[in-house]
Amino acid sequence: MSNIQLIIEERAANIGNFMVGRLLPFRQKRMVGPFSFIDHMGPTKLSERENLDVLAHPHIGLSTLTYLFEGSIMHRDTLGSALEIKPGEVNWMTAGKGIVHSEKTPEYLRHSDKVLHGLQIWVALPKELEQMEPSFVHIGQEELPTWNEGGTQFTLIAGKAFGRESAVPVYSPLYMIEVRSQERTELSMGDQLFGESGIYILQGAIEEEGNYFGPKQLLIAHDHSLCTFTMEANSIIYIFGGEPFPEERFINWNFVSSDKALIEKAKDDWINQRFDKIAGEENEFVPYPSFKK
């Protein structure tokens with residue numbers, strides 16, 4: 001019997017001037033563990049006249065995780081952070097009670113051809129930390145645990161798994177693992193996982209109980225302890241999940257919270273521009289969408 005509970009296909013979504021493939025939230029599965037939002041960006045070729053320009057926008061109640069495969073993004077926020085993220089690195093921004101950030105093509109790349117490809121993820125905070133002070137951490141590629149087993153390479157991007165711990169300062173029990181196969185190989189890792197678990201296939205394919213799954217599919221497991229499958233050669237997948245929260249999380253635009261009142265306050269604060277401003281970008285921001293209630 002298959003351990004796949006749900007198959008989620010990428011759905012096109014617009015994040016301003018850039019199209020992405022949305023994986024979470026999904027109407028039948030709003031979250032996987034504490035993971036509440038996953039966008040697959042690209043791969044997109046941008047000409048010398050095209051750039052990523054996600055203007056200043058707010059968040060509450062979550063941490064954002066940006067992980068690139070190709071390209072570069074300049075992150076700026078209201079804490080004063082101004083840092084370029086490159087492939088294999090992690091930007092971990094915790095919004096807590098409120099933060100504003102922008103994501104743009106770095107200045108030195110704005111007049112040349114480039115490629116952008118990566119994942120953008122939201123991880124909800126535990127109820128008791130939803131109003132914590134905001135923070136930002138950049139983790140270099142060399143700080144992420146990486147190891148090989150046979151022809152398979154593992155990288156622990158965030159959380160704890162396989163007796164290892166990422167340098168990303170997470171706030172609840174979770175894991176996000178990159179797995180790259182050089183050859184067809186069977187993996188049985190149920191005893192290394194916990195909570196709810198999902199597998200995103202970026203490249204190649206996996207086979208499970210005679211069923212084949214390919215790129216741009218997110219597979220949700222019935223039971224993490226039964227996580228056994230075969231990766232085809234030259235495949236890349238991301239396994240993520242963790243302990244779900246006891247309380248429901250509500251999502252409204254860029255705001256995540258267990259308390260609808262906090263979302264309404266954040267919405268009103270943004271509409272009336274009470275959030276802090278990013279230095280040098282005081283007049284650039286994304287308006288609250290008029291279709292949101």
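**Reading pockets, rings and contacts**

User: What is the volume of the second largest pocket?

Analyst: In this predicted model, the second largest pocket has a volume of about 270 Å³. A pocket is an open set of points on a 1 Å grid over the protein atoms alone, with protein on both sides within 12 Å along at least five of seven lines. Volume is the space filled by probe spheres set on the points, which are joined across faces, edges and corners.

User: Which residues lie nearest the centre of that pocket?

Analyst: K29, R30, M31, E248 and R249 do, out of 13 residues that line the second largest pocket. A lining residue has an atom within 4 Å of a point.

User: How should I read the numbers and values here?

Analyst: Residues are numbered from 1 along each chain as its sequence is written, and side-chain values use heavy atoms, leaving out hydrogens and water. As the model is predicted, local features need pLDDT of at least 70 and side-chain atom pairs count only at pLDDT 80 or more, while totals for chains, interfaces and linings use all residues.

User: How many cavities does a search of the whole structure find?

Analyst: A cavity is a set of points where a 1.4 Å probe fits but cannot get out. Here the search finds four cavities of 30 Å³ or more. The largest cavity holds about 90 Å³ of space, and 13 residues line this cavity, with N3, I4, I199, A221 and C227 closest to its centre. Strands β18, β21 (217–221) and β22 (228–231) each give two or more residues to the lining of the largest cavity. Strands are DSSP runs (E, at least two residues), numbered from the N terminus.

User: How many aromatic pairs does the structure hold?

Analyst: Rings of Phe, Tyr and Trp (its six-membered ring) pair if their centres lie within 6.5 Å, and planes over 60 degrees apart count as edge-to-face. The structure holds 14 such pairs. Take Y67 and F69: their ring centres are 6.0 Å apart and their planes stand at 80°, so this pair is edge-to-face. Both Y67 and F69 are buried (under 20% relative accessible area with a 1.4 Å probe, protein chains only).

Another pair is Y175 and F194, with centres 4.9 Å apart and planes at 80°, so these rings are edge-to-face too. Y175 belongs to strand β16 (residues 174–181) and F194 to the loop between β17 (185–188) and β18 (196–203), so the pair ties together parts 19 residues apart in sequence. Y175 has 0% relative accessibility and therefore counts as buried. There is also an aromatic cluster formed by W253, F255, W270, F275, F285 and Y288.

User: Where is I73, and is this residue buried or exposed?

Analyst: I73 is in strand β7 (residues 73–77), and its 2% relative accessibility is why it counts as buried. A contact means heavy atoms within 4.5 Å. Setting aside neighbours within four places in sequence, I73 is in contact with M41, L52, L68, L83, E84, I85, E103, K104, P106 and L116. By contrast, I73 and E284 are 17 Å apart in space, C-alpha to C-alpha, and 211 residues apart in sequence.

User: Which residues does I251 touch?

Analyst: Not counting residues up to four places away in sequence, I251 touches P25, S36, W122, V256 and I263. I251 and S36 are 215 residues apart in sequence and 8.5 Å apart in space, C-alpha to C-alpha. I251 is in strand β24 (residues 250–252), and at 31% relative accessibility this residue counts as partly exposed (between the 20% and 50% limits).

How values were computed. Rings of Phe, Tyr and Trp (its six-membered ring) pair if their centres lie within 6.5 Å; planes under 30 degrees apart count as stacked, over 60 as edge-to-face and the rest as tilted. Helices (H or I, at least four residues) and strands (E, at least two) are DSSP runs, numbered from the N terminus.
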